[in-house]
Amino acid sequence: MEMEIEIKFLFSMEFEQQLVEIINQYNFISTKKQILNNVYFDTLDLSLRKMDIGLRVRHCAGNAVQTIKLAGRAIGGVHQRPEYNEPITGKLPVLASFRRDIWPETCDISALEARLIPLFSTDFERRTWLLEMSDDTLIEVAYDKGFITTNEGEIPLCEIELELIKGNIDQLFVVAQNIATLPQTRLSNVSKAQRGYMLADNLSFKPYPLSFAKLHSEMSLKNSLLCTLQHGLQHIQYHENCYMLDEQESALIEIFKGIKFLHQNIKLYQHVFPVLLKASWISDLHWLVRSFSWTESKKVNANLLENKAFYLRKLSKSKKIVKHISMQNSRFPDAQACRDILTSCRYAQFVLNFTQWLIQLEKEQYTDASNTSISDFSIKSLTVIWSEIKSKMAHAEKLPMSYFMDNKGLFESALLTDLSFGCLFDKQERDNYRDLWLDIKQGIDAIEMLEVVSDFTEYELEISLKVDYQKWLHRKQEALLNALQQSQQQALLKEAYWLV
């Protein structure tokens, strides 16, 4: 068995010469070109995939090798997973050649082999360089260009893989930082096999809401921090893929949610782990906050324009305000500007620096932090932030609308804190509690929509039209405020799920 450690980049072949120039800066002891034909196998019901096993047969220069890769992990663009290789003479896998202990005890290998079928293939030209680095480290740089093919069609493949053959993983990041300076280069946390499975299943990257970090009560504080930060980074990178493939604007919203989730967890853990505030990637995280903060305003506008501006339909001369909102949207960064950020050297190096920091943190020992359990830490964190909200919300029976808006950031922080620790508690109690506060958050989103109309109304010169706008706004605001106040009273009566 080998433990494969790789950093993967998505690349554009038009910058191939710049890649060669970067590699020429290093001492490489060998280089070669090969044509690799790879077929991935599974059963019709995806038995191997359900066991987190990938099976490939690779043909190169008349030789065939079958490979099994077990479930590993991907952090940023770093992939670590166990790999087993065995030579074969034909085109089909021979499962008995592999070690028996890699299979589940109840697995009938012969029966499994009889049901195997080819699912997809990856065929590409590979150019490799073996770099000799300091610390007696060897790194293989592989540049692949070709196609992933299934019965559903094919997609182009252009990647750079850096594999640690032996030595110090830090040297892998030294090379990766240089590769990240190439134009339109992105870290990839999706393997060729994963992309092949998606193509075979006719699946694509679709945006999804930020979910709860998968913590469990036996975790140390350090491991819980690692888990939540990786969770946020994975959410960002997944939606980066969504946007780069289809320019789905909802993916940008989710990228920004992932960024805010990381920011919130820095605030939650910084007193226990002061090293967080000294991390090299912190300034780039702030840059990303600034780069995507406009997405929230555009989302407000999108809600107003949704379903052919149905929300505004009863507003006098609604087409006038629709045109105004559309003009506002035109001032936001366009698709190319967003692509430029996501393919920038700064973004790629942020992901690299963040990933390297996570791997280093994993190796560190924090005896002081180990005295506090994740259960105690989560209860304290949730109590602090939700108590602050409750104290603000309990000041008066009927809070004004401005009060809800003034505390929007605090609501968001509390709901993000739930996503950090909510998995540690009873799901039903948690969801019942959150639903009431999510109603208030939706109400705040609706206030922001009304504020767009209110701002427009201020500059309306036609008096009768301005009066119509103000009447419409008053009706909407009254109904919304009444709903918010009712939700507020119900939420204040609900027992905290982390104390049940």
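Biologist: Which residues does E254 touch, not counting residues up to four places away in sequence?
Modeller: First, a word on what we are looking at. This is a predicted model, in which local features need pLDDT of at least 70, side-chain atom pairs count only at pLDDT 80 or more, and totals for chains, interfaces and linings use all residues. Residues are numbered from 1 along each chain as its sequence is written, and side-chain values use heavy atoms, with hydrogens and water left out. Contact means heavy atoms within 4.5 Å. By that rule, E254 touches Y208, P209, L210, H235 and H239, leaving aside residues up to four places away in sequence.

Biologist: Where does E254 lie, and is E254 buried or exposed?
Modeller: Helices (H or I, at least four residues) and strands (E, at least two) are DSSP runs, numbered from the N terminus. E254 lies in helix α7, residues 249-269. For burial, we use relative accessible area: under 20% is buried, over 50% is exposed, and in between is partly exposed (1.4 Å probe, protein chains only). E254 has a value of 7%, so E254 is buried.

Biologist: With which side chain does the side chain of E254 make a polar contact?
Modeller: A polar contact is a pair of N or O atoms within 3.5 Å; within protein, one must be able to donate a hydrogen and the other to accept it, and residues adjacent in sequence count only if both atoms are side-chain atoms. The partner of E254 is the side chain of H235, at 2.8 Å.

Biologist: How many salt bridges does a search of the whole structure find?
Modeller: A salt bridge is a side-chain nitrogen of Lys or Arg within 4 Å of a carboxyl oxygen of Asp or Glu. The search finds 33 of them. Take K69 and E83, whose closest N and O atoms are 3.7 Å apart. K69 lies in strand β4 (residues 63-70) and E83 in strand β6 (residues 78-88), so this pair ties together parts that are 14 residues apart in sequence. K69 is buried at 17%, and E83 is buried at 9%.

Biologist: Which parts of the chain does the pair R126 and D144 link?
Modeller: The side chains of R126 and D144 meet in a salt bridge, 2.7 Å from N to O. This pair links distant parts of the chain, with R126 in strand β7 (residues 117-133) and D144 in strand β8 (residues 137-150), 18 residues apart. R126 is buried with 10% relative accessible area, and D144 is buried with 0%. K69, E83, R126 and D144 are among the residues linked in a network of salt bridges, which also includes E4, E6 and K8.

Biologist: How many residues of helix α4 are buried?
Modeller: Helix α4 (residues 169-179) is mostly covered, with 8 of its 11 residues buried. Among them are I169, L172, F173 and V175. At the start of α4, a side-chain oxygen of N168 comes within 2.9 Å of the backbone nitrogen of D170.

Biologist: How many disulfides does the structure hold?
Modeller: A disulfide is a pair of cysteine sulfur atoms within 2.5 Å, and the structure holds 0 of them. The sulfur of C158 has its closest cysteine sulfur in C345, and that is 18 Å away, too far for a bond. C158 is buried at 12%, whereas C345 is partly exposed at 29%.
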